[in-house]
Structure formats: C-alpha cells, structure tokens
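Please read the numbered points with the model open beside them.

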Number of protein chains: 4
Amino acid sequence: MRVAVLGAKGKVGQTMVAAVQAADDLTLSAEVDAGDALTELTSSGTEVVIDFTHPSVVMDNLKFLIDNGIHAVVGTTGFTDERLAQVREWLAAKPDVAVLIAPNFAIGAVLSMQFAKQAARFFESVEVIELHHPHKADAPSGTAARTARLIAEARKGLPPSPDATSTGIEGARGADVDGVRVHSVRLAGLIAHQEILFGTEGETLTIRHDSLDRTSFVPGVLLGVRKVAERPGLTVGIEPLLDF
Amino acid sequence: MRVAVLGAKGKVGQTMVAAVQAADDLTLSAEVDAGDALTELTSSGTEVVIDFTHPSVVMDNLKFLIDNGIHAVVGTTGFTDERLAQVREWLAAKPDVAVLIAPNFAIGAVLSMQFAKQAARFFESVEVIELHHPHKADAPSGTAARTARLIAEARKGLPPSPDATSTGIEGARGADVDGVRVHSVRLAGLIAHQEILFGTEGETLTIRHDSLDRTSFVPGVLLGVRKVAERPGLTVGIEPLLDF
Amino acid sequence: MRVAVLGAKGKVGQTMVAAVQAADDLTLSAEVDAGDALTELTSSGTEVVIDFTHPSVVMDNLKFLIDNGIHAVVGTTGFTDERLAQVREWLAAKPDVAVLIAPNFAIGAVLSMQFAKQAARFFESVEVIELHHPHKADAPSGTAARTARLIAEARKGLPPSPDATSTGIEGARGADVDGVRVHSVRLAGLIAHQEILFGTEGETLTIRHDSLDRTSFVPGVLLGVRKVAERPGLTVGIEPLLDF
Amino acid sequence: MRVAVLGAKGKVGQTMVAAVQAADDLTLSAEVDAGDALTELTSSGTEVVIDFTHPSVVMDNLKFLIDNGIHAVVGTTGFTDERLAQVREWLAAKPDVAVLIAPNFAIGAVLSMQFAKQAARFFESVEVIELHHPHKADAPSGTAARTARLIAEARKGLPPSPDATSTGIEGARGADVDGVRVHSVRLAGLIAHQEILFGTEGETLTIRHDSLDRTSFVPGVLLGVRKVAERPGLTVGIEPLLDF
C-alpha cells in the first residue's frame, strides 16, 4: 500500500514518516509539507494519505484528496459539525473514497472507554481516578470527564453507586460528573494515567491506561491506514475499526 | 418473576435464596434441596430455577425442568460434551424452554476475558500476572491459563510479544502458555487476583480483576435469571448475555 | 512464654486465643472473660496478658496486672492522655513491668505510615488515595487523614506539592489535609485500602496497603507479646518494636 | 554553596548543570570537561564537585579534589574495592574532606530497597515483580535480584514464604533468588518498574517504584551536594544521607 504523509516535517509528521518506513506492508510514497505541491500525491501513486497538518489547511487538503480518489486518515484538529458535513457532501460525489477523522488515535485510550461502556451496567459502583503531571491546568482531565459521561449514559436507569458518606472534609469524594465520582491526582514524575474502577459485592474490575509519551498514536494511525479503504465515506473516531 | 432455588440449603444455595429475596423484581417461589419433591417447583408456579446442586443429580433436575417448561440457570459443575448434547436433545422437543449453564458467573472475570480478547490484536506485547493465596495447588491458575490461550488464539498471525532476554535466572520470564507469558504470585493475605497487561510503544493498558469472596457470582446469576427466557435453547457461559 | 487472653470470648479475643495456641513459642496459660476472676492470671503463672476488653474495665485490668508483675499488650480503645498518665504512674512503682498500648496492631498500616514519614522530604509531590467499601461514613478515612498530617509534619519547611490546576470541577483535586491532597474512593467490593504516592521528576514511589479482613492485627499483637518485656514502662504504638 | 560539574558536556553532566542553575541555594561555579584544566575548580572557589565522567579519569579527578580540599559527589561507575581503598587512604590525610560515591542516585529506588529491608521480617510472604521494556537483556533485572537478596538476608532465620504449588507449568512461579520469588515482565510501552509485595493473613503491603526517565537521579545528586560536607571521609551509597 502506497502511503504519503501530509505535514511531514512537523513533529508528529516525522514520527509517522518513520512509522510508515518501518512497516513491512506499507511503502512511503511521498512526504509533503507547507510549500510543496499537493500534486506530488497524485504523481506518486499514493493510495492513502496521513494528514497531521493544521485546521487552516486541512479542508483544502481533503477536497483535493477526495477529488483525486485518495483515502485519508486525519489527526488534524478543529473539525466542527459544519466541517464534517462538508466532508460528507464531498464524499457523496465520490462513493469509493474513504476518510477517517479521529480526535484520539491512542488505541489504549479508545479501548479503555469502550470497555468502560461495556462494563458500566454490570457493577453496582464505578469511580474514575486520573493521574497527571502537575503542569496540567484542568481537573478533571477532558478524557476523564468524557469517560465519566459515557459511563453515566450507559448506566441510565440504574441506581447510583452506593455511598454512605455523611461526614468528612470537602472535596474528599472527588468531582461529580453526571453522578460518577472523578478524582484528579497531580504528581511530579507522572505523565498521563487513568483508572476506571468497577465494583460489586465480592469483586472489582479495574481498567488502567498509562500513556507514557506522544508516540502512542502510531499504532492507531497505522490501523487506520490499513483499514480505511474498507469503509468508504466518512468515519469519525477509530472505534468502528476495532471490530470485535 | 417467580424464581426457585435448587440446592437451597447448600452454601451457594443459601446465598442465592437471600439474593432472590433481596431483589425487588424477583419472587422466591420455592426452596428445594435433597429429599424434597421436584413437584414443589411446578406447584409453586416457578418460572426460573437456579440450580447449584451436584453433578450426580443435575441431569435429572434438568430433565424435569425442561419437561415442565421451566427455565434453568445452572452453576453446577461437571458438564461434559455428552451431557451438553443430551440437554440440547431434550430442549429440541421443547422449543420455548431456555437453559443457561455457566462455569463462571463472576461478571468481572468474564468481562476480563472478553476485554482481553478484544484488545489482543491491537498491542505489540501482552503478559498475564495472576496472584493468589499460598494454599493454591496449581500455577498458573486455570483462569490465567484459559485467558492466555484466548489471547493467543486472538493474536493468531501476529508476531510474538518482543523479548530480548538473553541471560538470567530460570523461571524469571514466567510460564509460556501458547506464546503468552504468565506469572504466578503466591502471597499470604491475597485471595484471587489477575492482571492482563497490554503494551505498545508509548502506552499500556491493564485489565485487573480482584475477586475478594465467593459472593461475586450473585450478580451474574441474577443477570442469567432475568435474561434466560430471551434465549430459548441451550446457552453455555454468560458471555452472550453481556450484550454490548 | 506463658500468655493469657483477657476478653477471651469476644470476637477478637477468640482469634487471639487461636493465634497463641498456633504459635510454637507461646503457651496459652488462661482464657479470661467477664465474670471470671483475674486471679486466674496469677495462679496460671501468666507472664504476658493480651487485653482486648472494654474501656470500662481495662483500667482495672491494668492495675491488677501491673501490681502482680504481669506484662500487658493492650488493644482495647479509649486511652485518653489522663488514662495514659495514670498507667505511667502505676508503672513507676513497678519498674520491671512493661505495658504496650496500641491503637492499631496491623503491621502493614503502621509500616505504611513509617515509610511515608521517611520518604516525605525526598519527593516534590505527595498525594494520598484511600479506597473503602461504600458503607463507610467518613471521608477521608481516619487513617488517611492521620497519614496526611504525618507527611505534612515531615515536610515542614519544604514548598508545597506543585499544582497548576486553574480550571475544573469542584472536588476533583480531593480534600486538603494540612496541604496534602487526599482522595476517597467508595466502591462496592472493596474493603480497606490506601495508596501513598510520592513523585519527583522522572520517578514515582507508591506505598500501598490492602487490609482484607480483621485478622490482620494478629502478627502485630504476637510481635508485641514477644517483645513487650524488653521495654519496661509504657510503650504507645507498635512502631518502637519495629526496630530497624 | 559553590558547585562545579565535572563532565559538564556529557548528557548527565548537562542535566546536572541545569539542575544546579535552577536551585536557589546553589551557585554554579564551573563547568569542566575533557581538555579543561582542573585548576578551574580551585580558581573558581568551588566547594563541591559533581563528577559524572569516566572510570579512566575519575581517580585522577578525586586525587586533585581531595588534595585541594574540595568535596565530591560521584556518579561515575567502576569503583572496585581497590579503588575505594585508595580513596579512603587519600582522605585519611585530609580529614575535613568528604567524598560520596553512589552507584544509584534515584531516591525512589534506594528508598524502595530500604523499606523492603525494614518490612522483610514482619510478613509471612514476600515476592518481587519487576517490569521493563522488551529490549532488556537480563531477567531478572539487577535491581530486582539485589532487592531479593537484601530481603533474603533480612529474613534469615524465618521460615520461607508459604507455597503449596504442586502442579503447573514450568516457570510460572518465577525465578528463585535466595528463596525469594522474582517475576520479570517485558512489555512494549514500559520503562523500568518494580513492585515488592509483602503479605500476611488479612493484609498486604506493596512498595512500587516507577522510573520513567533518566532525570530521576537529579534529586539524589542535589541531596548529596547539600549533605556531603556533613560526612567527612568516604560515604558509599546515598542511604546514610536519608537520615530517618
């Protein structure tokens, strides 16, 4: 499979160039960055493009790729509902082309949330602990808040997690996110970690995700590259590719 | 729903009697043990029977239940392929009756294995650590060995977990179960615990199950009671009921 | 060593009777409970008494033991400063007698706190997570609050743990106990657990204590029995016996 | 305090230069590397030198420092018993000078071992799990083997950890290091981690150390710089500085 990287000189782009070169089943067909002509993608016989560029150029990139029948795996941010609608409209005219846009390619993070949703209805109690470096401005983390909301949604109709707390110190029981308690630890030496704890009388189930550096998106992007063509049209998030 | 317990005086049976009584949506219709007539089940209008009895009587119980149109949720052990075939034959004559036979009703354990299978293909590395009290005779535990085999099956075709170990002390790298390393810790103070560790460059995902006492089967059995009627015929294991 | 149990018919007392009987180096000399004469202790040649009785009788017990030259290991609660002063006064008249009074005999809990104090000055950051069953009324737990206070005391003069949190949801960052953040998780299936997390750029150190049942005081009491005679006078807490 | 770095252009040396500059109570007096004159240390009024150089030059450095009354904190490797004896001899002639030579400045690692030694006698069971990236050649890690040996030494005279294992798969119970079981996990995404598990009926105590990158030696070196002068003569290892 012939794969090109758009935004090839950026930090993430360079990592993706190296990852494509290292993969036995993929061939790096082109490295394109600001100032290069997009026609390098067509002239090089590229089948799939990885786009980690900028919100200001990504729509132009996608228009070109779709028009030229090239599939896209996109990690660039800034996709509003309007932008997604526009991409869908372009794709409607090219029914064989596939575009995957994902806000998070870290498979461990995505699986964590999937498993949390699946487990949510089968336990009496659930809480979330997220642990990050002390330079983080928000508490809880966006991922933890989203995880808690997904769990709350999946538990709709069930009684809340039992909690007999009647006295104590303010804040001890964490933040309340749609009825799910979320605790935020900030500690020098940590990077980005999350534990989802489920419990019922006699047993607990813990799903822990540790993200140690920024390369953790690589396997998710490569999965996207290998599978994108199987899903013509627009796919948002890598969850549908984790076919189990 | 009218629910009876077979084996009601056994340790597990007593726990199930209490659990049915505590559930708002279930009515305990009968408690039957050795020496009692099975006709108590029909005369009491029982819709679902929970059977935690003994391999020597469970087949007779099932014949009676199926003949009388009563659904069964069975935790009794000793089901060989022949026995399962016999149950299926009896059920063929009664297409509305449902029987659920499960070797393990602990939802946390079952979900752990499901998640392990789902995650298996998306990470470079996987290992299993199981931790038990020091009175356990086998190492690794049956659950850990089964988990490792399920993971190995799911990873078929993928390269093995990377491992550069070239020197060391025998046994350090654990047991090899179909290519998956399994480590067995035996420690006073522990009960039954298992961690499945997945890793890829930059991130790890850990699924941990802690089983603290024998009541952990209760939610799984009640789930079976509530859902068994939706699945006429024979169902083996509670996995199909965890519909996600 | 001849050892008697006072409060021998209570739940804890029975456990201690069994523990003394099981120990090769100890002989159970008497089992005394409410209604029995304390003179059974002297007539049986008892050298050390284990007292798990009641605040209403423990002072009378101690007076008798000290007067008769019998060492005591006491887990009974309710020792105010006045009571401790009284015990010291009685002991002043009997310089060979030793009394050990401890609020917590669980060695793991005591070591956790010792280690926390020792580590406190060597890391930039520290936080405490305590996790308990959902029937607990107070949050944080008394042990966690005490641990946080000990750590704060040990860190006096050092800058606070770094924390850049500027936005978020109330409670996410836990309770503030003398400047140390404490998080309280309440989850069905848990018993009593505590993690103390220390971190500095590039490394973290975690001390975790899991208390699974009430027998965890046994080794601490036996340690007290074996060592109490070496420390004539009053000793409060088992820390001084953990001689390292 | 005026502090110079020897080996200032090496990777570790650069990190130390930055760390000294960032510390309010320390002044960077000189940066010396191969080719520079050691007299820069004396002319700059240096009080303490941090030496991360090479076994081939470190002895010459130490001779110069001791002769000139400058204290040294040394992370350079290769110190044999002969070399240590030589350093002691040089110091004998200069009773006010202090040299600290440590094979490991990561405080978390050093404290882990200290705590393990302290806890070893108070629990029935102990095992070690070390977890590293899959490029590591030896299993178990040197640190884990050393930890196990320290624990075994501290437990001398006590019965071995209980273990009823009678059937199983080879290697499941890990490596036997002086009677202590050690398990080695190798997983992509991990860096360097170690858990020491202690257990007794009803409770467990776990000491976990996570080393995430090479900067973890900085606090230990700075501790050495600040305290070295209080200990004239030779000190090996930072343990004596962790005065608790």
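What is the handedness of the crossing in which α5(A) passes α6(A)? The points below answer this and then turn to other features; please bear in mind throughout that the model is predicted.

1. **Helices α5 and α6 of chain A.** The crossing of α5(A) past α6(A) is right-handed. Helix α5 of chain A covers residues 107-119 and helix α6 of chain A covers residues 142-154; their axes come within 8 Å and cross at roughly 25°. Since angles under 35 degrees count as roughly parallel, α5(A) is therefore described as roughly parallel to α6(A).

2. **The contact between α5 and α6.** On the side of α5(A), the residues that meet α6(A) are M113(A), A116(A) and K117(A). Their partners in α6(A) are T143(A), R146(A), T147(A), L150(A), I151(A) and A154(A).

3. **Helices α1 and α7 of chain A.** A second pair is formed by helix α1 (residues 11-22) and helix α7 (residues 218-227) of chain A, whose axes come within 11 Å and cross at roughly 60°. The two helices α1(A) and α7(A) are therefore oblique to each other. Their crossing is right-handed.

4. **The contact between α1 and α7.** Here T15(A), M16(A) and A19(A) of α1(A) meet V218(A), V221(A) and L222(A) of α7(A). The residues of this contact of α1(A) with α7(A) are five nonpolar and one polar, with no charged residue.

5. **The relation of chain C to chain A.** Chain C is superposed on chain A by a rotation of 180° with 0.0 Å of shift along its axis, and the RMSD is 0.1 Å. The two copies are thus related as by a two-fold rotation axis. Among the residues of chain C, G171(C) comes closest to the rotation axis, with its C-alpha at 1.8 Å. The same surface serves both copies, as 100% of the contact residues of chain C recur in chain A.

6. **The extent of the interface between chains C and A.** In this interface, 46 residues of chain C are in contact with 46 residues of chain A. The area buried between chain C and chain A is about 3,200 Å², and carbon and sulfur atoms give 62% of that area. Within chain C, the residues that lose the most area to chain A are I169(C), L187(C) and A188(C), which together account for 15% of what that side buries.

7. **The relation of chain B to chain C.** A rotation of 180°, with 0.0 Å of shift along its axis, superposes chain B on chain C with an RMSD of 0.0 Å. Of the residues of chain B, L212(B) comes closest to the rotation axis, at 4.1 Å for its C-alpha. The same surface serves both copies here: 100% of the contact residues of chain B recur in chain C.

8. **Features of the backbone.** Where do cis peptide bonds join two residues? One joins A139(B) and P140(B), with omega about 0°, and P140(B) is placed in the loop between β7 (138-139) and α6 (142-154) of chain B. Another runs from A139(C) to P140(C), with omega near 5°, and P140(C) lies in the loop between β7 (138-139) and α6 (142-154) of chain C. In chain A, D178(A) has phi near 55°, a positive value in a residue other than glycine; D178(A) is located in the loop between β9 (175-177) and β10 (180-186) of chain A.

Note on methods: Residues are numbered from 1 along each chain as its sequence is written. Chains are lettered from A and ligands numbered from 1 in the order in which they are written. This is a predicted model: local features need pLDDT of at least 70, side-chain atom pairs count only at pLDDT 80 or more; totals for chains, interfaces and linings use all residues. Side-chain values use heavy atoms; hydrogens and water are left out. Axes are lines fitted to C-alpha atoms, for helices over the stretch in contact, and angles run from 0 to 180 degrees between N-to-C directions. Helices (H or I, at least four residues) and strands (E, at least two) are DSSP runs, numbered from the N terminus. Angles under 35 degrees count as roughly parallel, over 145 as roughly antiparallel, 65 to 115 as roughly perpendicular and the rest as oblique. A crossing is left-handed if the near helix is turned anticlockwise from the far one by less than a right angle, and right-handed if clockwise. Contact means heavy atoms within 4.5 Å. Ala, Val, Leu, Ile, Met, Phe, Trp, Tyr, Cys and Pro count as nonpolar, Asp, Glu, Lys and Arg as charged, and the others, Gly among them, as polar. Copies are superposed by least squares on the C-alpha atoms of residues with pLDDT of at least 70 in both. Buried area is the accessible area (1.4 Å probe) that two parts lose on being put together, summed over both.
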